[in-house]
Amino acid sequence: MFAFLNSRPAWSLDEFQRVLARRGERWYAACVRITGDPGLAEDAVQEALLKAWTRRDQFRGESEIDTWIHRIALNAAIDQVRRQKPGASEEIAEDMLAAGDSPTTVHSRAAFGQDLGRALERLTPLERMCFVLKHVEDWHLDEIAAELNNSINGIKQALFRAVRKLRGDLQQWRGES
Amino acid sequence: MIREEDLLLYHYGEGLSSERRAEISAALDADAELRAVWHQLLADLSALSHAPRISIPATVQSRLSARLAAAATSERRPTNIASRKQGWGWPASLAAYASLALAIGIAIGLGMRSPVDQAEPLPLLADAPKDSASFERGLRLHLADTELQLVGFAQAEPAARTALIARIVQENRMFARAAERSGEARLARVLRSFEAQLQSMDEQTLDTQGIESRREQLDFELGVMQTKLANDPSKSTLNI
């Protein structure tokens, strides 16, 4: 009834650019984890961003835009994976590691990141998506099942396999370090 | 019997019946060995959560920013042309309409995309020219579209100007790379020379008149190049 009280002036390009500057990294990182491929992740974020721009009059605040784009970008990333053959990327690129860390931190993070990156690479696309959506993105099992067009039991099994494989790699990495 | 899979679902707090959750909870209280397994699982999951932060490369951030600006520009383009008609007088309006007519004419004539569609990048065409005719068509549309996008440039907000220049430069580079790959070194050099001109339009010290003056210079050179392409479409772009 009083919807106009919640309304705000239409988002300007500058305001949208600021949201992109502040939140873009989180969207991109989530999509890289889903797709395992920086190029596909960029495409997914772009798709979500441009969709959000066309609906900019529907968002009341930055967090609403953030949540919406994050979700749409993940969906787009999942679609990208569906369209691609499994195992698209080599590893997390060096320039994607956080800037401003000491060389030692960068080195150890890179080592662990490469290891984890390779471990994620060895997962099937379904296992990787289930793990990232559940463990990193905190989706519910039924949401994942619906999005991936699979049964909840199928999602559980993929998640179990993913965690088993990743833990195995983790133990190996710990033993070697 | 309680398996690790049960413990995983217990950790995630879903996928188990309330009875099963109660059983696991009681077993964890009673069984030290199971508790050790549980703690190891939690430690591993925690380690897997501490993957390094993935930073967005600056080039990706700027491409996304430029595409957003391009989307905004596409929406505003008809308004820009209308407002220009009121404020700039007939010579500039005539030039703008001539540019628009040229772009539409090329698009219709070639059965290709509209100028608005051209706001999207042309990576496939530019990255891998399959034949010189399609490359030339793409190049002509790129040049016409560049002219159109720069209409009203001096009056745009600084952030939008920067983003638009970044996007056009990126597209221009793709065409220059494509030209180079197909052995058109001279054309590649000509295209690269546009880059400096484009970037000079975004110098922060320029006032509106200075920006407009550089835009007109670029407009002229874009027009010359389009004319050369249009006059001799059958020949190789080496003749540019």
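Predicted model: local features only at pLDDT ≥ 70, side-chain atom pairs only at ≥ 80, totals over all residues.
Me: What comes just after H2(A)?
Reply: Just after the helix comes Gly36(A), whose phi is positive, at about 70 degrees.

Me: Back inside the helix, is Arg33(A) buried or exposed, and why?
Reply: Arg33(A), which is part of H2 in chain A, counts as buried because it has 25 C-beta neighbours inside 10 Å, and 20 or more are enough for that label.

Me: Which residues does Arg33(A) touch?
Reply: Leaving aside residues up to four places away in sequence, Arg33(A) touches Val132(A) and Val136(A).

Me: What about the largest nonpolar core, how many residues has it?
Reply: That core has 90 residues, and Cys31(A), Val45(A), Ala73(A) and Ala77(A) are those with the most contacts inside it. Setting aside residues up to four places away in sequence, Cys31(A) touches several residues, including Val45(A), Ala73(A) and Ala77(A).

Me: New topic: how many residues of chain B are in contact with chain A?
Reply: On the chain B side there are 29 residues, and they are in contact with 36 residues of chain A. H4(B) gives the largest share of that chain B side, with nine residues, and the chain B side as a whole divides into 18 nonpolar, five polar and six charged residues.

Technical notes: Residues numbered from 1 in each chain as written. Chains lettered and ligands numbered in written order. Helix = DSSP H or I, 4+ residues; strand = E, 2+ residues; numbered from the N terminus. Contact = placed C-beta atoms within 7 Å. Nonpolar A, V, L, I, M, F, W, Y, C, P; charged D, E, K, R; others polar. Core = buried A, V, L, I, M, F, W, Y, C linked by C-beta atoms within 7 Å. Buried ≥ 20, exposed ≤ 12 C-beta atoms within 10 Å, placed from the backbone.
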